[in-house]
Amino acid sequence: MATYLYRLGRFSFRRRTLVLSLWLAVLAILGVGAATLSGPTSDTFTIPGTEAQQAQDLLQERFPQSGAGGAQARVVFVAPQGEKVTDAANRAAIEQTVTRVRTGAQVADVTDPLKGTVNQAGTVAYAQVTFKVPADELTNADRDALTGAAGIGRDAGLSVEAGGDAMQEPGEQGPGEVIGLLVAGVVLVITFGSLVAAGLPLLTAILGVGAAMAGIQIVSGFTDLSSNTPTLALMLGIAVAVDYALFIVSRYRHEVALGRTGIEAAGRAVGTAGSAVTFAGLTVVIALSALAVVNLPVLTQMGLAAAGAVAVAVLIALTLLPALLGFVGGRISGSRRARDPEGDAGRTTAGRRWARLVSRRPVLTLAAATLGLLVIAIPALSLRLGLPGDNMAAPDTTQRKAYDLLTDGFGPGFNGPLLVVVDAAGSAEPQRAAEDAAAAIKKLPDVVTVSPATFNPAGDTAILQVIPASAPDSRQTTDLVHAIRGLDDGVGGRTGAELAVTGTTAVNIDMSAKMGEALVPYLAVIVALAFLLLTVLFRSVLVPLKAIGGFLLSIVATFGAVVAVFQWGWLAGVFGVEQTGPVVSLLPVLLIGIVFGLAMDYEVFLVSRMREEHVHGAAPRDAVVDGFGHGARVVTAAAIIMISVFSGFILSPDSIIKSIGFALAAAILFDAFVVRMTIVPAAMTLLGRRAWALPRWLDRILPDVDVEGDKLRPAEPEPAPPAPELVGAGR
């Protein structure tokens with residue numbers, strides 16, 4: 001591989017005008033396509049194979065007037081102190097408010113709050129509002145109409161608040177990516193000591209992310225994409241594009257510092273660092289693409305889109321970047337005092353001193369670092385999963401106020417009603433089937449009330465609303481959902497009807513269960529594929545096993561940090577977490593995929609330099625120290641850049657994006673600085689020559705990718721002294 005990439009680097013450097021023109025043409029075509037073919041994104045998602053989704057599909061087919069799939073809202077009315085909502089003046093104000101709500105352009109149905117939805121004390125009532133379209137299709141005008149109607153009740157002296165998914169405004173992207181790029185620029189300038197060298201990774205990152213975003217916009221015109229899909233691709237695209245360019249530019253600077261011509265330095269940089277970039281990118285792409293095994297469309301879309309952004313970053317790093325190096329020529333080195341990030345320059349660097357310290361006490365270092373990560377992981381034992389709802393909204397929002405008012409007036413279960421669908425198409429007596437189902441459900445523990453059955457016009461499908469006694473995210477409510485589903489055989493056996501449970505609460509329960517079931521198979525897929533890749537790359541069995549073990553330590557520590565902040569509330573104010581609650585159910589699987597790929601980046605970049613020193617004849621301990629010394633400064637810069645990019649997304653108002661940004665930043669912090677830069681050199685020192693052992697039979701069948709560029713050495717021209725022709729060219 002090193003030979004082919006070496007030739008690609010030289011070609012791109014020599015034919016830089018052609019390469020740049022081709023990339024600009026591609027970007028122009030993608031830009032035109034994005035402007036003309038893009039479509040809207042969506043916040044709705046399906047969960048194939050779950051009972052909640054099957055029930056939703058059945059309702060949309062037979063009971064379209066039920067508003068299945070449409071946005072929902074609850075308008076809560078609270079009487080003034082000492083009064084009741086049924087008092088004449090309050091009744092009139094509620095009726096006027098409900099009448100105004102019904103005039104909304106997208107409103108399908110509004111229940112009368114004074115008929116059956118008044119609490120026992122008579123102080124609280126609520127109206128259930130169903131919209132014709134999903135929440136992501138509602139406009140600001142639709143939400144303003146709802147809040148405007150609530151103002152009628154407030155003017156009459158009532159406390160009126162509105163909750164539900166209809167009130168959740170589409171998330172707006174904060175300044176996270178801009179802040180991340182600014183910090184990346186500062187780190188690059190410090191690392192290279194040259195504005196030109198620092199600018200190239202930023203330029204290629206912007207171009208790569210622009211191409212990826214345009215591609216996603218084009219795809220959105222042909223299929224429904226989640227609104228979070230572009231954000232994840234943007235987040236990862238910026239991070240890996242800067243990092244990949246950083247490694248190649250750093251290696252190029254190192255080769256130039258050794259006295260090689262520009263074209264030769266570009267070839268060797270792409271042949272060696274580019275090989276590591278290729279394998280690192282391939283590992284990330286595999287980890288993200290493997291999200292498809294979860295069989296959750298929203299995760300598949302996010303994974304494939306982010307994988308596409310990473311693939312574009314790799315292609316640009318291998319082709320466009322060496323072309324740009326040809327254009328800037330000797331200016332890449334900046335002033336004469338500019339530091340070679342990988343050079344020794346006759347001095348002992350901080351990275352080399354750290355490696356020597358770790359290699360002198362490898363057992364103690366390994367034990368201390370491992371124990372520290374395991375301590376941080378302790379909160380993960382309390383991990384609870386769920387989807388963000390009104391209970392996770394900020395305390396001063398109308399959604400959270402409505403949630404609290406319903407809890408105080410009716411009990412926590414009223415915020416998570418269950419929708420039981422009675423499919424009586426195969427029953428001779430549909431009415432009796434619905435009554436039997438209601439009677440059986442009422443006998444179950446933790447049930448407050450069961451509404452009368454509502455039939456569709458055909459009379460073959462009925463809906464029962466069940467109010468639990470416990471909160472939507474409680475264990476008791478989950479048990480109740482399973483208990484209702486367990487009644488299907490008994491009720492169906494007597495009446496020929498089938499029962500199914502759906503609604504937001506049931507969807508959340510099914511989502512969490514599906515994520516839990518998919519976790520082990522998904523982890524097995526990416527670990528197996530990555531093990532094969534790393535075995536080919538390093539021609540070792542122990543190094544890939546060590547890499548995977550380090551990843552597992554990083555991921556459990558990250559889960560612990562996420563639980564501590566987002567679930568327990570530790571340092572919540574520092575990170576802008578206004579309300580604690582269960583961790584977003586899709587986060588663990590998503591985090592495992594992303595972090596595994598990114599963790600392997602640093603493993604590849606750092607250990608490939610150790611292997612390069614080993615292949616070139618260094619003793620095991622010296623190979624660890626020298627390889628670490630060459631790569632530590634650049635890996636440190638890359639990790640700081642990636643942490644900065646991800647941390648910027650913590651500023652997002654969207655709780656999902658905020659938690660993903662925090663989790664990724666924490667994961668890179670743990671993995672880069674504790675695992676890869678502490679545990680890895682300690683473990684490699686302990687393994688010694690055994691680290692590179694490979695069974696003979698396996699050595700014969702594995703392809704030799706030559707990531708260390710050893711095959712380039714025989715054909716390597718004699719280093720040329722620095723000359724004026726290096727500036728602007730590399731003939």
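**Entry 1: Glu264 and Arg10**

I looked up the partner of Glu264 and found a salt bridge with Arg10, the closest N and O atoms being 2.7 Å apart. I count a salt bridge when a side-chain nitrogen of Lys or Arg is within 4 Å of a carboxyl oxygen of Asp or Glu. The pair links distant parts of the chain, with Glu264 in helix α9 (residues 262–289) and Arg10 in helix α1 (residues 2–14), 254 residues apart. Helices (H or I, at least four residues) and strands (E, at least two) are DSSP runs in my notes, numbered from the N terminus. Glu264 is buried at a relative accessible area of 4%, whereas Arg10 is partly exposed at 22%. The cut-offs are under 20% relative accessible area for buried, over 50% for exposed and in between for partly exposed (1.4 Å probe, protein chains only).

I note the source here: this is a predicted model, in which local features need pLDDT of at least 70 and side-chain atom pairs count only at pLDDT 80 or more, while totals for chains, interfaces and linings use all residues. Residues are numbered from 1 along each chain as its sequence is written, and side-chain values use heavy atoms, with hydrogens and water left out.

**Entry 2: the network around Glu255**

I then listed the salt bridges and got 17 for the structure. Arg251, Glu255, Arg260 and Arg268 are linked in a network of them. Glu255 pairs with Arg251, the closest N and O atoms being 3.0 Å apart. These two are separated by about one helical turn, because they are 4 residues apart in helix α8 (residues 229–257). An α-helix has 3.6 residues a turn, so residues three or four places apart point the same way. Glu255 also meets Arg260 in a salt bridge, 2.4 Å from N to O. I checked burial: Glu255 has 2% relative accessibility and counts as buried, Arg251 has 5% and counts as buried, and Arg260 is buried too.

**Entry 3: the sheet with β4**

I traced an open sheet of 4 strands in the order β2-β3-β1-β4, with antiparallel pairing. Strands count as paired if DSSP finds at least two bridges between them. β2 (107–110) and β4 stand at the edges with a single partner strand each, so one side of each has no neighbour in the sheet. From one strand to the next the twist averages 20 degrees. Strand β1 (residues 72–78) pairs with β4 over 5 bridges in the antiparallel sense, and the bridge partner of Phe77 in β4 is Val160.

I looked at the helices lying across this sheet. Helix α4 (residues 88–102) lies across β1, β2 and β3 (124–131), at about 155 degrees to β2. Helix α5 (residues 140–155) lies across β1, β3 and β4, at about 160 degrees to β4. The axes are lines fitted to C-alpha atoms, for helices over the stretch in contact, and the angles run from 0 to 180 degrees between N-to-C directions.

Which residues does Ala162 touch, leaving out those up to four places away in sequence? I found Arg74, Val75, Leu146, Met167, Thr398, Gln399 and Ala402, with contact taken as heavy atoms within 4.5 Å. Ala162 lies in strand β4 (residues 159–163) and is buried, at 3% relative accessible area. Its C-alpha atom is separated by 8.7 Å from that of Arg400, 238 residues apart along the chain.

**Entry 4: the cores and α21**

I looked up the largest nonpolar core: it has 193 residues, and Tyr244 and Phe646 have the most contacts inside it. Helix α10 (residues 297–328) gives the most to this core, with 20 residues. Apart from it lies another core of 28 residues, among them Ala73, Val129, Leu146 and Met167. A nonpolar core is a set of buried Ala, Val, Leu, Ile, Met, Phe, Trp, Tyr and Cys residues joined through side-chain atoms within 4.5 Å.

Beyond its neighbours within four places in sequence, Phe646 has contacts that include Met235, Leu598, Leu664 and Ile668. I followed helix α21 (residues 655–687), which bends by about 40 degrees at Val675. The bend is the angle between axes fitted to the seven residues ending at a residue and the seven starting there. Of the 33 residues in α21, 27 are buried.

**Entry 5: β6 and β10**

Strand β6 (residues 418–423) runs antiparallel to β10 and is joined to it by 5 bridges. Val421 has Ala500 as its bridge partner in β10. Strand β10 (residues 498–502) has 4 of its 5 residues buried, so the rest of the structure largely encloses it.
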